[in-house]
Amino acid sequence: MKIVKGGITGMAVWIKWKPEQFNRFFSFSGLGVDGVGISGNGMGVGFNTGRINPVDRDLGYFLIQVLKESQ
């Protein structure tokens, strides 16, 4: 499976999954700033269109339980 975030300049993650594996959880971040650089020639700012980060399995299951109880 391919998970894509951010279009052409975004990030993509390929995931191989088998039926006997545990679930995998991911978080998605929004538009961000990578850093600001200042030199003698000027200043530069790096932007990103978001990231895909893996989440610990226990935290993923915990968040599912919280969501179920809040509904």
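## Fold and order of elements

Helices and strands are here runs assigned by DSSP, a helix having at least four residues and a strand at least two, and they are numbered from the N terminus. Read in that way along the sequence, the protein follows the pattern β-β-β-β-β-β-α. The total is 1 helix and 6 strands.

The model described in this report is a predicted one. Its pLDDT averages 81 over the protein, and 94% of the residues score at least 70. Among the elements, the highest mean pLDDT, 92, belongs to α1, whereas β4 has the lowest, 72.

## Overall dimensions and surface

The C-alpha trace spans about 55 × 30 × 20 Å along the principal axes of the protein. The radius of gyration is 17 Å, while a compact globule of 71 residues would have a value near 11 Å.

The accessible surface of the protein comes to about 6000 Å², and carbon and sulfur atoms account for 59% of that area. Of the 71 residues, 14% count as buried. Among contacts with a separation of 6 or more, 42% are made by residues 24 or more positions apart.

## The nonpolar patch and Val45

A nonpolar patch on the surface is formed by Leu31, Val33, Val36, Ile38, Met43, Val45 and Phe47, which together have about 800 Å² of accessible area. Two strands, β4 (residues 32-39) and β5 (residues 42-48), each supply at least two residues of this patch.

Val45, one of the patch residues, is found in strand β5. Its relative accessible area is 39%. Leaving aside neighbours within four places in sequence, Val45 is in contact with Val33, Gly35 and Val36. Of these contacts, Val33 and Val36 are also named among the members of the patch. Val45 and Ser70 are 25 residues apart in sequence, and their C-alpha atoms are 40 Å apart in space.

Gly50 is placed in the loop between β5 and β6, the latter covering residues 52-55. Its relative accessibility is 5%. Gly50 counts as buried because this value is under 20%.

Not counting residues up to four places away in sequence, Gly50 touches Lys5, Met11, Ser29, Gly30 and Leu31. Leu31 also belongs to the nonpolar patch. Lys5 and Gly50 are 45 residues apart in sequence, yet the distance from C-alpha to C-alpha is 6.7 Å.

## Gly60 in the helix

Gly60 has its place in helix α1, which comprises residues 57-70. The relative accessible area of Gly60 is 5%, so this residue is buried. When residues up to four places away in sequence are not counted, Gly60 touches Phe25 and Val55.

Note on methods: Residues numbered from 1 in each chain as written. Predicted model: local features only at pLDDT ≥ 70, side-chain atom pairs only at ≥ 80, totals over all residues. Heavy atoms only, no water. Patch = residues over 30% accessible without salt bridge, like charges linked within 9 Å, V, L, I, M, F, W, Y side chains within 5 Å. Areas by Shrake-Rupley, 256 points an atom, 1.4 Å probe, with all protein chains shown as cover. Salt bridge = Lys/Arg side-chain N within 4 Å of Asp/Glu carboxyl O. Rg over C-alpha atoms; globule rule 2.2 N^0.38 Å. Buried < 20%, exposed > 50% of the residue type's maximum accessible area, 1.4 Å probe, protein only. Contact = heavy atoms within 4.5 Å. pLDDT = per-residue confidence, 0-100.
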